[in-house]
Amino acid sequence: MLARVGDQMERMGRATAAGMAEFGLGAVLLAQCIYWVVVGHRRAQPVRLDAAFARCMEVGILAIPIVTLMALTIGIMLAIQGIYSLRVFGAEEQVVLGVGMSVVREFGPLITGILVAGRTGSSLAARIGTMRISQEIDALSVMGINPVRFIVAPALIAMMIMVPTLTFWSSIVMLAGSGWYISVDLGMSWAAYIERLTEIIKFGDVLHGLGKSLLFGVLITLVGVINGTLVSGGAEGVGKMTTRSVVISICAIIVTDMVFAFIATRS
Amino acid sequence: MSTIAISEHRSNAPADPELMAAPPMIEVRDLITHYGTREILHGINLSVRQGEIMVIMGGSGSGKSTLLNALLGLLRPTSGTIRLLGQDLNAISDVERTKLRQKMGVAFQGGALFSSLNVLENIMLPLREHTKLDRNTMRIMARMKMQVVSLSGFENLMPAELSGGMIKRAALARAIVMDPRILFCDEPSAGLDPVVSSAIDELILNLRDAMGMSIVVVTHELESAFKIADRICVLDKGHILTVGTVEEVRNSANERIQNLLNRRTEAEVLDPDEYLRRLTGMQQ
């Protein structure tokens, strides 16, 4: 009995240590990316901007259709729920307040983050995992090409540009979606809706949302890359780590979101 | 009358005395490596001269891949030194190591071609990253190497569209595109049919004769090893059994070497106590 408790304790300890190690790995990766972006040119090993733009295309532009569709749907859903719950007080008109604030500060970044985690975080983990197994990462190292500079830094740059951009876009689409429903259901004119929105939403709210999404972009990249590098054992290993990458990214996004919201509303 | 120089086929010939005196291109001293707590290589000593083809041979689990990874700097040894071109691989700075690596080429077992780049871009990659040549020059240089490995005309194919032999050729072309002083080949002929595999062997011999590079080949294919090697290093369970010319290895009296050459499996000598322990799964 005591031995079994001991075993459990040991397993927990090892898992905790491994988790901390991954945190450390993430910090090291981030530091190395910054290092290569800053120092790369001087060492004749620049971070390739064309590679970063190619990633931008993949991460951002190609994600626009799905992000738009989801944002539109969620915008309409928010309006429906808002009007329904405010009807109790006979305050349907106030739905603009709820929608405006929650979309820009919360739903825009969160939904975009989750979509990108599912789309890009998984592909990043799978790509790096496959490259590891097929020795492409080793090949880079022995060619004197630093894998962090060559693969991770462009991906990180692309995510830091595209996740906020996508968030901005999806927030606008969400607001348009709820605006459409509100105009149909409550007969509010578009002009009145937009005027109301501009009164409610402050520049600080937009910054709050975009700042969060920047953080999400960094998180998704690091989680994807770390899980990719931890792949072992062939195709099954790649699948396992890809799943793990998505689950951890989404958890990390939600937890960070809460912490960020808490800190940002204190000041 | 002009004289025509005919390049002599030098395989299996004793090395030039001049070259024998030159400092070794690769020098390994007392190399010990671990995976976790398990010791894999138990004190390896090896040197490779200029223009020499050294074949590292051994069965599965003999430690030959570990030795290669250590030579490539992918695995940090527990102790011992590895000197490539006179520089200690694990003591030099990152910048120096990057420079050193531009003088070595590696053809990995599975090719390790980048799946997002086509064949030409794959071969051009080291040039793009390490030189300031313009794009056209790089393209011409890459095409020249493709000619060397008889892969002309396949520039625009993606790695997924290549056959096994073509992947190995492309990997070789990428490995030699910077004209390295040392070339490492990991199982260059494994998994290929005899004709293609023999063509790859020829290619390796030609590369050495034309460019004078030192070549380290890791393989378990006896036929190919005997064909290309100047010297063979036989590894077994993390120890070097022998290093010698093809003849010396063939005529070796060592039982384990003969077993390897004649593809005999070794009867494991096990004492009854040990056997019982293994069955019951008890630790010693």
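Of the 284 residues that make up chain B, 39% count as buried. The model described here is predicted. In chain B, the secondary structure amounts to 11 helices and 10 strands. Among the contacts in chain B with a separation of 6 or more, 66% are accounted for by residues 24 or more positions apart.

Two sheets of chain B are considered in turn. Six strands of chain B form an open sheet with mixed pairing, and their order is 6-7-8-3-9-10. Strand 6 and strand 10 (239-244) of chain B stand at the edges of this sheet; each has a single partner strand, so one side of each is left without a neighbour in the sheet. From one strand to the next, the twist averages 15°. Strands of a sheet pair through backbone hydrogen bonds, and the pairing may be either parallel or antiparallel.

Strand 8 of chain B has pairings with strand 3 and with strand 7 of chain B. With strand 3 (residues 53-57) of chain B, strand 8 pairs in the parallel sense over five bridges, and B:I53 stands opposite B:I215 of strand 8. Strand 7 (residues 182-186) of chain B is likewise joined to strand 8 by five bridges, and these two strands run parallel. Here B:D186 stands opposite B:V218 of strand 8. Between strand 7 and strand 8 of chain B the chain passes through helix 7 (residues 194-211) of chain B, and this β-α-β crossover is right-handed.

Strand 8 (residues 214-219) of chain B is mostly covered, with six of its six residues buried. The covering applies to both faces of strand 8 of chain B: B:S214, B:V216 and B:V218 are buried on one side, and B:I215, B:V217 and B:T219 are buried on the other. A residue is counted as buried if 20 or more other C-beta atoms lie within 10 Å of its own.

Strand 3 of chain B also pairs with strand 9 (residues 231-236) of chain B, in the parallel sense and over four bridges. In strand 9 of chain B, B:C233 is the bridge partner of B:I56. A helix is placed against the sheet as well: helix 6 (residues 164-176) of chain B lies across strand 6 and strand 7 of chain B and runs at about 170° to strand 6 of chain B.

Strand 1 (residues 26-35) and strand 4 (residues 79-84) of chain B run antiparallel and are joined by five bridges. In strand 4 of chain B, B:L84 is the bridge partner of B:I26.

In soluble globular proteins, nonpolar side chains tend to be buried together. In the present model, the largest nonpolar core has 140 residues, of which B:V55 and B:F184 touch the most other members. The largest share of this core, 16 residues, is provided by helix 6 (residues 147-185) of chain A. When residues up to four places away in sequence are not counted, B:V55 touches B:V217, B:T219, B:A225, B:I228, B:A229 and B:I232.

The two chains also meet directly, as 15 residues of chain B are in contact with 11 residues of chain A. On the side of chain B that touches chain A, the elements giving two or more residues are helix 3 (94-101), strand 6 (104-107) and helix 4 (119-130) of chain B. By class, this side of chain B has nine nonpolar, four polar and two charged residues.

Two residues of chain A were examined individually. A:L72 is placed in helix 3 (residues 64-87) of chain A. Because 17 other C-beta atoms lie within 10 Å, A:L72 is partly exposed. A:L72 touches A:V173 and A:G177, residues up to four places away in sequence not being counted. A:L72 and A:R42 are 30 residues apart along the chain, and their C-alpha atoms are separated by 46 Å. A:A264, which lies in helix 9 (residues 234-266) of chain A, has 14 C-beta neighbours inside 10 Å and therefore counts as partly exposed. A:A264 and A:H208 are 56 residues apart in sequence, and 7.7 Å apart in space from C-alpha to C-alpha.

Methods
Residues numbered from 1 in each chain as written. Chains lettered and ligands numbered in written order. Predicted model: local features only at pLDDT ≥ 70, side-chain atom pairs only at ≥ 80, totals over all residues. Contact = placed C-beta atoms within 7 Å. Nonpolar A, V, L, I, M, F, W, Y, C, P; charged D, E, K, R; others polar. Buried ≥ 20, exposed ≤ 12 C-beta atoms within 10 Å, placed from the backbone. Pairing = 2+ DSSP bridges. Right-handed = clockwise from strand over helix to strand, strands pointing away. Axes fitted to C-alpha atoms, helices over the stretch in contact; angles between N-to-C directions. Core = buried A, V, L, I, M, F, W, Y, C linked by C-beta atoms within 7 Å.
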